[in-house]
Amino acid sequence: MVKIESPRIIVRRSGPLSGSVQVPGAKNSVLKLMAATLLAEGDYVLTNVPAITDVHTMAETLGALGVSSTWLGPHELSLTNSGNITPEVPFEKFDKMRASLNVLGPLLTHYGSARINWPGGDDFGGRPIDMHLRGLEAMGAEFETSADGIVGRCTRLVGAEVVFDFPSVGATENVLMAAVVADGVTTIRNAAREPEIADLCNMLRKMGCRIDGIGTATLTITGVIPSSLQAVTHEVVTDRVQSATYIAAVGMCGGTIRVARANAQHMGMMLTRFTDMGMIFDIDDDGITATAPDRLTSVDVSTLPYPGVATDYKPLVVAMLSMAHGVGIVTENLYPGRFRYVEELRALGANIEIDGHHAVVRGVEHLSGATVVAPDIRAGAALVVAGLAASGITEIGDVFHIDRGYDDIVGRLSALGASISRVRPES
Ligand code: UD1
């Protein structure tokens, strides 16, 4: 990812927090819902769309392919597929995020060819795409790869049995979107079960796709002809990682907050671990009220595919443990390289050792403000949360990472009483 000049976030010790924050739709859902508009002509409306830069980048990418988009309101996006699609993404638009890989399946299956360049996204170490390609190859696609990117070709894709070695979110979504208009039945075994995939399945079903097993590890998809599909209006599922971010903030700063629209059912394991740390939750149909203990207690946490504790929560958990009572071991099972933010937390005074894919976090009583840099989206949010509990001033650079996935984190935390602001580089 190209490092560009971006604003900084300035955080001062805050708390106790109080009040209510409303969490918007999930980045990891909306980007795929947007890609699904390639499958059928018509006017789509997505509601509860987060105002994040990844949505703008995806809108630009879709615009280059032939799907135009217009904001109808701050969180409402209309997308029009007029049927005039060019299945080749200009390479310069495609190095920005990994989710752009999601146009591969819909383009190939509907238009018989697709050209994308190597996907970008957060740098967690190696992020291969072999499962995406193998799944689509099982359905009849052929790929050529070069230093620039990937070119895929097929006649009509044919339903197949696709068995993943690992429940990859992106590969499940790509094969799913390819299968909905393939010839015959596709079965995806060891499919990822994340709520964002269920959200995509629900939108595809509304469009007229035939999908069984939604939310389970076996998805059965019966292909239909593209002309039988219709454009729809769909509300994006709430972002569980943004929800957890505000819970982590109150956990570190103390107080009680309401996280409106947070879906506790989608956060089961994470809420259990937070409860083990001493947090108290009052859960209802429209959100979660979270109360912090006087001091968090350390726990051990391992990341796993859903319904396990998501890897995207991990930087928040490590930040919380850095001031908890005791020692917590955090084990990363998805991205061994996803510990880059630890250095930044250490700069605030955290006591963290890395041993392979484990982080040993010894809770300290005080963190102290420092100048740090956000290495990726969730790690950036974790630094914000840690800064709220640190004495003095914490200044976070490379905020563009946070902006890729967080819709006004500064405004939302301010509304909860946090001392946080955003400044331009020159000010
Ligand atoms: C998605 C999320 C990301 C989250 C991740 C895991 C989006 C935009 N991003 O990423 O925020 O951290 O799920 O919950 O939705 N793998 C392979 N070969 C492949 C594909 C994946 O080996 O072809 C490996 C990856 O290196 C990783 C694991 O499988 O170790 C999980 O990756 P995957 O579930 O595919 O994550 P993404 O879809 O990239």
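Modeller: A residue counts as buried when its relative accessible area is under 20%. This is a predicted model, and in it Phe274 has 1% relative accessibility, so Phe274 is buried.

Biologist: Is Phe281 buried or exposed?

Modeller: Phe281 is at 17% relative accessibility and therefore also counts as buried.

Biologist: What does Pro425 count as, by its relative accessibility?

Modeller: Values between the buried limit of 20% and the exposed limit of 50% count as partly exposed. Pro425 has 27%, so partly exposed is its class. Pro425 sits in the segment after β25 (419-423). Its C-alpha is 6.6 Å from that of Ser6, although 419 residues separate Pro425 and Ser6 in sequence.

Biologist: How many residues of helix α9 are buried?

Modeller: Helix α9 spans residues 314-321, and eight of its eight residues are buried, which makes the helix mostly covered. Among them are Lys314, Pro315 and Met320.

Biologist: Now aromatic pairs. How many does the structure hold?

Modeller: Ring planes under 30 degrees apart count as stacked, over 60 as edge-to-face, and the rest as tilted. The structure holds one aromatic pair. It is formed by Phe274 and Phe281, with ring centres 6.4 Å apart and planes at 45°, so the pair is classed as tilted.

Biologist: At what angle do the axes of α3 and α5 cross?

Modeller: An angle under 35 degrees counts as roughly parallel. The axes of α3 (residues 104-111) and α5 (residues 169-179) cross at roughly 20° and come within 7 Å. The two helices are therefore roughly parallel to each other. The crossing of α3 past α5 is right-handed.

Biologist: Which residues make the contact?

Modeller: On α3 they are Leu104, Gly105, Pro106 and Thr109, while α5 supplies Asn174, Met177 and Ala178. Sorted by class, this contact of α3 with α5 has four nonpolar and three polar residues, and no charged ones.

Biologist: One more residue. Where does Asp407 lie?

Modeller: Asp407 is in the loop between α12 (400-405) and α13 (409-415). Its relative accessible area is 5%, so Asp407 is buried.

Biologist: Which residues does Asp407 touch, not counting residues up to four places away in sequence?

Modeller: With those sequence neighbours left out, Asp407 touches Pro24, Val49, Pro50, Ala51, Ile52, His75, Gln242, Tyr246 and Arg412.

Notes:
Residues numbered from 1 in each chain as written. Predicted model: local features only at pLDDT ≥ 70, side-chain atom pairs only at ≥ 80, totals over all residues. Heavy atoms only, no water. Axes fitted to C-alpha atoms, helices over the stretch in contact; angles between N-to-C directions. Helix = DSSP H or I, 4+ residues; strand = E, 2+ residues; numbered from the N terminus. Parallel < 35°, antiparallel > 145°, perpendicular 65-115°, else oblique. Left-handed = near helix turned anticlockwise from the far one by under 90°. Contact = heavy atoms within 4.5 Å. Nonpolar A, V, L, I, M, F, W, Y, C, P; charged D, E, K, R; others polar. Phe/Tyr/Trp six-rings, centres within 6.5 Å; stacked < 30°, edge-to-face > 60°. Buried < 20%, exposed > 50% of the residue type's maximum accessible area, 1.4 Å probe, protein only.
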